[in-house]
Amino acid sequence: MNIQEYFARISYNESHKDADLQTLTVIFQHHIRAIPFENLSMHCGETVELDLQAIYNKIVRKKRGGWCLETNYLLFWALEELGFDVCILGGNSYEPAERAYTAEINHILLKVVIKGNSYIVDAGFGGAYQSWQPLILISGKDQPQTPGIFRFTEDNGTWYFEKVKRKHYIPEQSEPATGTPEPGNIRKMYTFTLQPRDINDFQELNTNLQVSLDNILRKKSICSLQTPEGVYALVGWTFTEVKYNYMEDMDLVQITTHTDEEVDKILKDKFSIVLENKLAPVNVRGLPPNLVDTI
């Protein structure tokens, strides 16, 4: 593994001599705009290994993406290589259908300490809820970014992470979303504690996500990528393009549905992904069909 090869993969060619906030921010932004959040391996007969070399080969050399366990672990390695004070944390994601957080840890995120300040760096939430900059770990502080307003709140050692959603403008020629949010609508994302974790703490989770039929990653083939203006997402056969703040406090959302052959072309043209094995797109009925309501 080579940090220069990783830099080439994320198109980063700036100075990295200082492990400071500016360097962290720029590397993070290059990472999320080059490496898709995706779970396509399980939908084309591939096994996901929670092994750094395997992840490096998949994402850096084969130009793929990965889910949170993969993309955040790769970012953890890169930041350690660059001398950042970084550790792995575990999160419990919010399940809107259950109106509750999961009982077991099912998400990985990173904490980076710079000049005594702690920042949360998470390149693996994906879709319209992906932050674009490191977030300072302060309870109750609104942190506006291009995707929206992010906020942490802390209660007795447990941290809660949420985002304030904007209204969506969906043109007439686009397919309607089923749950367009109202202004100021808050989307709970996950909880976490500051207990440092080892990557081996997530091995069982990595296995269970691939074999359990009762999780959204099995029920939907997902690929999303941050863009300079917003986000692309392919969920099953449905492609969504979001442009943030298209109008005041309103995001432009365009939704289209495609054939299997068109899905392969979208993966290549929008996400720069060419799969080695045939993808079987999936989007289980009864679940929201698109990015707006899913991720």
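**Aromatic contacts in the predicted model**

Arg-33 lies over the face of Trp-132, at 4.9 Å from the ring centre; a charge is taken to sit over a ring if NZ of Lys or CZ of Arg is within 6 Å of the ring centre and within 35 degrees of the ring normal. Arg-187 is likewise placed over the face of Tyr-129, at 4.9 Å from the ring centre. The model is predicted, with local features requiring pLDDT of at least 70, side-chain atom pairs counted only at pLDDT 80 or more, and totals for chains, interfaces and linings using all residues. Residues are numbered from 1 along each chain as its sequence is written, and side-chain values use heavy atoms, with hydrogens and water left out.

Phe-150 and Phe-161 form a stacked pair, 5.7 Å centre to centre with 20° between the planes. Phe-150 belongs to strand E8 (residues 148–155) and Phe-161 to strand E9 (residues 158–164), so the pair ties together parts that are 11 residues apart in sequence; strands are DSSP runs (E, at least two residues) numbered from the N terminus.

Phe-161 also stacks with Phe-152, at 4.9 Å centre to centre and 25° between the planes. Phe-161 is buried, with a relative accessible area of 3%, and Phe-152 counts as buried at 1% relative accessibility; buried means under 20% relative accessible area (1.4 Å probe, protein chains only). Phe-150 is buried as well. One aromatic cluster is formed by Phe-125, Phe-150, Phe-152, Trp-159, Phe-161, Tyr-190 and Phe-192.

Note on methods:
Rings of Phe, Tyr and Trp (its six-membered ring) pair if their centres lie within 6.5 Å; planes under 30 degrees apart count as stacked, over 60 as edge-to-face and the rest as tilted. Helices (H or I, at least four residues) and strands (E, at least two) are DSSP runs, numbered from the N terminus. Buried means under 20% relative accessible area, exposed over 50%, partly exposed in between (1.4 Å probe, protein chains only).
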